[in-house]
Amino acid sequence: MLEQIALWFSYALVLYAAIGLLFAVAFVLVGVNRVDPAAPGSKPGFRVMILPGVAALWPLMLLRWAGGKQPPVERSAHRRGSAG
Amino acid sequence: MSAGYQAVLWNRQKKRYDLTILAGILLYIGLFVGLGAALRPEATPETLIIRAFGTLALLMLHVILSVGPLARLDRRFLPLLYNRRHLGVSMFLCALVHGAFSMIQFHALGDVNPLVSLLAGNPQYASISAFPFQTLGFVALGILFLMAATSHDFWLANLSAPVWKALHMLVYVAYLLLVLHVALGILQTERNLVLIGLLVGGFGWIVTLHLVAGFREKPGDAPHRGDVIDGYLHACAVADIKDKRARIVCISGERVAIFRNGDTISAVSNACQHQNGPLGEGRIVDGCITCPWHGYQYEPETGASPPPFTEKIPTFNVRVVSGEVYVDPEPNPAGQRAEPAPIRGSS
């Protein structure tokens with residue numbers, strides 16, 4: 001039983017990582033320029049550096065890219081308390 | 001600051017910091033492997049490498065966890081905080097070498113899936129003395145990977161500083177898992193009292209340091225109470241604030257940094273937009289409030305970073321009456337100009 005769970009976990013992990021890596025390559029080449037205004041024009045070193053994180057958090061970045069959203073605005077007490 | 005991303009914003013201090021880390025790593029590994037080979041000739045090179053990188057990663061994690069509270073207690077530790085993320089990534093790489101060598105030596109040479117071997121090779125999850133400690137190390141390594149992978153400023157901007165900080169608080173979960181990983185590993189293999197003593201001592205040091213720094217910090221979060229004139233809350237006396245420095249008070253649910261800039265007073269929200277560093281513990285350099293953690297800068301009167309940078313923090317309207325500073329508790333939107341209050345001529 002434990003071995004079966006471990007086996008399925010290993011398959012799921014490999015699948016998640018494989019999808020994440022494929023998505024991350026597309027994201028650092030194209031998507032990042034759409035979701036973050038500071039990204040266009042950035043060099044390959046930056047794109048390589050964020051690739052592992054995108055592969056790890058790919059569902060989040062996929063939603064961001066698909067929704068055409070910009071970086072979130074911090075919601076601290078002072079920012080909430082101000083009009084803007 | 002975010003006028004565009006680079007892989008690493010190198011400067012002389014960062015290069016010196018990273019060279020020190022590299023030299024420390026090489027020295028530790030060299031000493032550990034050299035002494036280990038001399039004192040325990042029966043140990044294989046793989047075993048020495050696994051133990052050298054494992055103990056080094058844990059030692060580095062202790063340093064990383066100590067830097068924050070030490071910098072809160074004594075400003076002389078701030079330079080260590082400046083480039084802590086590079087120390088964190090270096091620590092993860094050391095832990096990765098430890099994990100990779102362990103996987104190869106203990107789990108990858110048979111005909112069982114290495115991950116299945118790691119997670120299910122020892123099924124005694126209900127036992128304390130025989131618990132599969134390797135699983136704890138695997139989970140901790142996963143957390144450390146997530147933190148290293150999201151260490152770039154891109155992630156701060158795209159997760160927002162509070163979410164990024166919450167994510168990186170998982171380091172404490174990783175630390176606890178690693179303490180258990182090592183403690184159970186020692187109990188099951190060596191029962192070495194020196195190693196157990198070092199582990200308990202390190203854990204005690206981290207807990208004590210955080211408690212002391214936490215107790216020192218706590219009064220700063222108490223809501224500030226004072227006289228109110230025309231809706232403005234009395235915060236402090238002008239004489240309480242040194243030139244180019246700030247006084248911090250808690251207003252409207254968060255800390256406000258009230259800066260004295262020559263003959264004027266300005267107030268901004270205390271949290272830096274970058275990593276929520278304590279701006280009020282910084283000072284005004286070249287006319288800009290400068291975060292003590294990573295040097296992010298904001299104009300005191302607008303709360304905006306000087307062009308071409310785009311960070312903005314909320315500002316507060318201030319008045320000076322008879323040498324006393326009063327702050328409007330209602331924050332202005334981030335980046336909105338609040339006229340600095342002149343010190344002289346106030347009535």
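**Chain B, term by term**

Modeller: Chain B has an accessible surface of about 17000 Å², and 64% of this belongs to carbon and sulfur atoms; such areas come from the Shrake-Rupley method with a 1.4 Å probe, and for residues only the protein chains shown count as cover. This is a predicted model, in which local features need pLDDT of at least 70 and side-chain atom pairs count only at pLDDT 80 or more, while totals for chains, interfaces and linings use all residues. Residues are numbered from 1 along each chain as its sequence is written, chains are lettered from A and ligands numbered from 1 in the order in which they are written, and side-chain values use heavy atoms, with hydrogens and water left out.

Biologist: Why does B:R283 count as partly exposed?

Modeller: Buried means under 20% relative accessible area, exposed means over 50%, and partly exposed lies in between. B:R283 has 44% relative accessibility, and therefore counts as partly exposed. The residue sits in strand β6 (residues 283-285) of chain B.

Biologist: How do you know that B:K14 has no salt bridge?

Modeller: A salt bridge is a side-chain nitrogen of Lys or Arg within 4 Å of a carboxyl oxygen of Asp or Glu. For B:K14, which is buried, the nearest side chain of opposite charge, B:D153, is 6.7 Å away, so there is no salt bridge.

Biologist: What is B:K14 in contact with, leaving aside its neighbours within four places in sequence?

Modeller: With contact meaning heavy atoms within 4.5 Å, B:K14 is in contact with B:L9, B:Y82 and B:N83, those neighbours being left aside.

Technical notes. Helices (H or I, at least four residues) and strands (E, at least two) are DSSP runs, numbered from the N terminus. Buried means under 20% relative accessible area, exposed over 50%, partly exposed in between (1.4 Å probe, protein chains only). Lys and Arg count as positive and Asp and Glu as negative; His and the chain ends are not counted.
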